[in-house]
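Here is a brisk report on one protein model.

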Amino acid sequence: MEDLLNTLHLAVLSAAEAGHNALTSDIGDDPQRLAALLLETTSLAANLRRVSAAAIQESLAATAPAVPDEVRWLVNPLDGITELPGSEWRFAVRPHHAIGVAAELGGTIVAAHLLKLERLTLDSAIGFGPSGLVGTLPDLDHPGDLSTPLVSRHLDPAQTLAIALPVGGEDRSQALRLLADLAPAVPEFRISGSPLSDLASVAQGQHLAAYLGLGQDPDPTAPGLAVVRACGGAVSEGRTADGLRVEMGGIPELVDTVANLLITR
């Protein structure tokens, strides 16, 4: 089993790195180039996903342990792009993006890795595998083992909560109404431009106390929530009384407070 877990972790790392290399080769260091690509075509994210999938297969082919069919790969090739109704892509005009990859075995994520991008330049990386946490932080010069818990190392429960809202429709209207209920419990919040980037910041104990996703699909953020849990954070998932999906990750005190306000089932 340990050999299998190490194999899955190596494949996750390879996929994240390959996706980032493909992105930087497409756009260089020019954010406007990415914006232009997204206005011209819907294929960029699909291409990055294919690159990551190919890297996974190449990594698996180079290792001995057989990988069971029930392994599920979760690849978010470029978080921070919004797909609006009608399949038109829009570039989130924010400096924060991320790449996330995870391997799920038997319903549990056993390896995950996040690449946090600032203005499309790699800022930091954090993830976990069978040997524990690995990655880089802005205040570290090289990769290495990261002490845990990181989530609460610089923060207190009163600090900022990042909130991801549905793109449109009734779910968005419902989510906006819920924000009024949160105001007394959350002194400061911001609307998320990239849930994975925010989850990386939460995991690293930088700037954000927690992440809250309302009406979000579970797979794109699953790698980030798994990393937050591995870094000592709390994760909570459920639904509001009206059926809106809720996901949270961050400092346990804040997660518990907000989850108790929103989650009924």
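The crossing of helix 4 and helix 7 is right-handed. By class, this contact of helix 4 with helix 7 has five nonpolar residues, no polar ones and one charged one. The structure shown is a predicted model.

**Helix 4 against helix 7**

Two packed helices are described by the angle between their axes and the distance between the axes. Helix 4 covers residues 169-182 and helix 7 covers residues 252-262. Their axes lie 10 Å apart, and the packing angle is about 125 degrees. That angle makes helix 4 oblique to helix 7. On the helix 4 side, the residues involved are Leu178, Asp181 and Leu182. They meet Val258, Leu261 and Leu262 of helix 7.

In what order do the five strands of the open sheet stand? The order is 10-9-11-13-12. The pairing in this sheet is mixed. Strand 10 and strand 12 (234-239) stand at the edges. Each has a single partner strand, so one side of each is left without a neighbour in the sheet. From one strand to the next, the twist averages 15 degrees.

Helix 7 packs on this sheet. Helix 7 touches strand 9, strand 11, strand 12 and strand 13 (245-250). The direction of helix 7 makes about 165 degrees with that of strand 13. Helix 4 lies across strand 9, strand 10 and strand 11. Helix 4 runs at about 145 degrees to strand 11.

Strand 9 takes in residues 161-164, and both of its faces are covered. Leu161 and Ile163 are buried on one side. Ala162 and Ala164 are buried on the other. Strand 9 runs parallel to strand 10 (residues 189-191), and three bridges join the two. Strand 9 also pairs in the parallel sense with strand 11 (residues 210-214), over four bridges.

How many of the 10 residues of helix 5 are buried? The count is 10 of the 10, so helix 5 (residues 195-204) is largely enclosed by the rest of the structure. Among the buried residues of helix 5 are Ser197, Asp198, Ser201 and Gln204. Pro195, Leu196, Leu199, Ala200, Val202 and Ala203 are buried in helix 5 too. Just after helix 5, Gly205 takes a positive phi of about 70 degrees.

Helix 5 packs with helix 6 (residues 218-230); the two axes come within 9 Å and cross at roughly 5 degrees. That makes helix 5 roughly parallel to helix 6. Helix 5 supplies Pro195, Leu196, Leu199, Val202 and Ala203 to the contact. Helix 6 supplies Pro220, Thr221, Gly224, Leu225, Val227 and Val228. These residues divide into nine nonpolar, two polar and no charged.

| Helix pair | Axis distance | Axis angle |
|---|---|---|
| Helix 4 and helix 7 | 10 Å | about 125 degrees |
| Helix 5 and helix 6 | within 9 Å | roughly 5 degrees |

**Two buried residues**

Leu8 has its place in helix 1 (residues 2-27). At 0% relative accessibility, Leu8 counts as buried. Beyond its neighbours within four places in sequence, Leu8 is in contact with Val67, Val71, Trp73, Ala103, Val110 and Ala111. Leu8 and Glu104 are 96 residues apart along the chain, and their C-alpha atoms are separated by 9.0 Å.

His113 is found in strand 5 (residues 108-118). Is His113 buried or exposed? His113 has a relative accessible area of 8%, so it is buried. Leaving aside neighbours within four places in sequence, His113 has contacts that include Val12, Leu13 and Ala16. Ile99, Gly100 and Val101 are also in contact with His113, as are Ala125, Ile126, Gly127 and Val134.

**The whole chain**

The protein has seven helices and 13 strands. Of its 265 residues, 50% are buried. Among contacts between residues at least 6 apart in sequence, 66% join residues at least 24 apart.

Definitions and conventions
Residues are numbered from 1 along each chain as its sequence is written. This is a predicted model: local features need pLDDT of at least 70, side-chain atom pairs count only at pLDDT 80 or more; totals for chains, interfaces and linings use all residues. Side-chain values use heavy atoms; hydrogens and water are left out. Buried means under 20% relative accessible area, exposed over 50%, partly exposed in between (1.4 Å probe, protein chains only). Two strands pair if DSSP finds at least two bridges between them. Axes are lines fitted to C-alpha atoms, for helices over the stretch in contact, and angles run from 0 to 180 degrees between N-to-C directions. Angles under 35 degrees count as roughly parallel, over 145 as roughly antiparallel, 65 to 115 as roughly perpendicular and the rest as oblique. A crossing is left-handed if the near helix is turned anticlockwise from the far one by less than a right angle, and right-handed if clockwise. Contact means heavy atoms within 4.5 Å. Ala, Val, Leu, Ile, Met, Phe, Trp, Tyr, Cys and Pro count as nonpolar, Asp, Glu, Lys and Arg as charged, and the others, Gly among them, as polar.
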